[in-house]
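Here is a friendly walk through one protein model, written for someone who likes to know the cut-offs behind each term. Please keep the viewer open while you read.

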Amino acid sequence: MNNRFEYLREKTSGLTSSPGVYLMKDKSGNIIYIGKAKNLKNRVSSYFRENPNHNPKTAKMVSQVYDYDFIVTDSEYEALILECSLIKQNNPKYNILLKDDKGYHYIKISEEDYPRITDEKHISGDGKYLGPYMSGFVTRETVNEVNKVFMLPTCNKKFPRDFRKGRPCLNYHIKKCMGVCMGNINKEDYNNIINQAVEYIKNGNSLSIEKLEKEMLEYSEKCEFEKAGIIRDRIIAIKKASEKQKIISKGVNNADIIGIVSNYDNICISVLMYRSGRLSDKSVFTVPYGGDNITGDFIKQFYHGKNDIPRALITEDIPEDYQLIEEMLSAQCGHRVKIATAEKGRLKELLRLAKNNSAEYIAVNDSRTGREVIALEELAKILGLSKPPCYIEAYDISNLSSASMVAGMVVFKDGKPFKKAYKRFSIKEVTGQNDYASMQEVLRRRLSKIGNDSDEYFSRCPDLILLDGGKGHVNAVEPIIKEFNLDIPLYGMVKDSRHRTRAIATGGREIQVSGFKSAFNLITQIQDEVHRFSVDYMHRKHNKSSYKSELTNIKGIGDKKASKIMMHFKTKENLCNADINELAKAGGISLETARELYNMLH
């Protein structure tokens, strides 16, 4: 709790209701957060209420506020301009800070008898360099494309030194390399191909195709049909590469696609930049988790001061103050800028592609897959959770009779089964087949272990609990969670008549999940896994119980001695492998009874 709140509330009570910018400061006078407001008094006072509903990042910032300053403006638009400028100047700790770590990049044509084309971060060594380029993404994609189109070697062999030393590699056989290592291409012809590739990089596909077509006709007129055929294939490859780009960006001329994916502690933002109908660059940023207007804050920071802003910014969530931001960016670059979302079609696909880029970036750093990251983010969005659930527990009741009522608990950590934490429960307190009462018993027994160090997995509080059942199961278990004063999101997993996942249940309604493919697949996987686990335990317990009843048919063995024997040998296999003396000792029975038991087993 900030002991300066009383002073800050008193100061805010006299604050103006005009638009403006506020600057939160720590005890040392450093600016830790800058924000804009349509009404300064209302906005600033919202930070210092007695029972605020702040997200973790905002709560931490507020706890460090010692004082604040403000600047009054004539309009909210002026406040927006000033906010962006001040954030750039001061780099406050709790604002989104985008570090541009891009350097210059080059395309190198090496100086050797058989040159190679590579992308480089620095100019080093002999050779010809194209550039500089601001985007490493552009240089990598360009080099990959040109090597593929012109079938240039990308191996580590040195030519002509390594001619005919070994067989050609796989790239030759799948027509990704012309097979220079075979020694069938002379230096002059190879360098002519390199010149064509450089021309393609400099001037694009249309001029390159024009020159190649002219060259192909010249070879045809000279009846050099083999060389003409090689150039024809190269023209086809260039056209295919061009068509692939057109397919990807069909209907998109100049636009930035902004894909935002949440992780547990941070947020990853990818920007795919399309210019003249072609993917020209990509930027990826990671910022701390938290904040109420991530999309708006990012757009303001990323585009502030830039002139090369496309006409369309496509994002999944439209910022509340999008009209002000559009006005600012339009004035900044001299043409209309529109912030929009995509509900269907090509833009929807590109938005998914941008989100996948963000998800894969997170996945690489966290040793997960992009699919798992997207699934948890979608699940959080569907359920209205503040952040993706890292640790999910799911429960299912299973029975064949009242004597074999059991429950299974499975755990999914980071979107994957975490089998070390799976638990089995035998229903002890409930008589008869009562799913609701059984689920209550299981959750009460499980939640009582939270914070208890005797079991490292049970001691952990889950981020989300899922029940294999509908609204009735949720309503039955909710009082148990309240009984322990815990705040754990609780939902049911509803199946259709074919026993397939259909929806997510709350205490009063159902949420359809079929429109969210990744989340739907994850919920289905969790539901199938908890059902498999609980049914497996139920069958094992039922079989063991049935076998135990067979032992009591032998004179001299009752329920207690049968239980003692089963507890000692654990499995039917161990029991069958025991000799008469071992059976007698384990069950505390006579040798004669043990002999009858042995005969029955065999």
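## Ground rules

This is a predicted model, in which local features need pLDDT of at least 70 and side-chain atom pairs count only at pLDDT 80 or more, while totals for chains, interfaces and linings use all residues. Residues are numbered from 1 along each chain as its sequence is written, and side-chain values use heavy atoms, with hydrogens and water left out.

## The chain as a whole

The protein chain has 19 helices and 19 strands. Both are DSSP runs numbered from the N terminus: helices are H or I over at least four residues, and strands are E over at least two. Of the 602 residues in the chain, 46% count as buried. Buried stands for under 20% relative accessible area, exposed for over 50%, and partly exposed for what lies in between, with a 1.4 Å probe and protein chains only.

The chain exposes about 32,000 Å², and carbon and sulfur atoms supply 47% of that area. These accessible areas come from the Shrake-Rupley method with a 1.4 Å probe; for residues, only the protein chains shown count as cover. A contact means heavy atoms within 4.5 Å. Among contacts between residues at least 6 apart in sequence, 61% join residues at least 24 apart.

## A three-stranded sheet

Three strands make an open sheet in the order β2-β1-β3, with antiparallel pairing. At its edges are β2 (31-37) and β3 (67-72), each of which pairs on one side only. From one strand to the next the twist averages 20 degrees; axes here are lines fitted to C-alpha atoms, for helices over the stretch in contact, and angles run from 0 to 180 degrees between N-to-C directions.

Strand β1 (residues 20-25) is joined to β2 by six bridges, where two strands pair if DSSP finds at least two bridges between them. Within this pairing, Tyr22 stands opposite Gly35 in β2. Tyr22 also belongs to an aromatic cluster with Phe5, Tyr33, Tyr47, Phe48 and Tyr68.

With β16 (residues 464-467), β12 runs parallel over four bridges, and Tyr395 stands opposite Leu467.

The largest nonpolar core has 27 residues, and those with the most contacts inside it include Leu379, Ile392, Leu466 and Ile526. Such a core is a set of buried Ala, Val, Leu, Ile, Met, Phe, Trp, Tyr and Cys residues joined through side-chain atoms within 4.5 Å. At least two of its residues come from each of α12 (370-383), β12, β13, β16, β17 (490-495) and α15 (517-551). Leaving aside residues up to four places away in sequence, Ile526 touches Ile392, Ala394, Val410, Phe412, Leu466 and Met493.

## Aromatic pairs

The whole structure holds 18 aromatic pairs. Rings of Phe, Tyr and Trp (its six-membered ring) pair if their centres lie within 6.5 Å; planes under 30 degrees apart count as stacked, over 60 as edge-to-face and the rest as tilted. Tyr114 and Phe163 form an edge-to-face pair, 5.4 Å centre to centre with 80 degrees between the planes. They are 49 residues apart, Tyr114 in the loop between β4 (105-109) and β5 (117-120) and Phe163 in the loop between α5 (136-149) and α6 (170-173). Tyr114 is buried at 5% relative accessible area, and Phe163 is buried at 17%.

Phe418 and Tyr457 are edge-to-face too, at 5.6 Å and 80 degrees. This pair links residues 39 apart in the chain, and Phe418 counts as buried at 19%.

## Two exposed loop residues

Lys38 lies in the loop between β2 and α2 (40-45) and is exposed, at 61% relative accessibility. Beyond residues up to four places away in sequence, Lys38 touches Ser17, Ser18, Pro19 and Glu76.

Ser28, in the loop between β1 and β2, is exposed with a relative accessible area of 63%.
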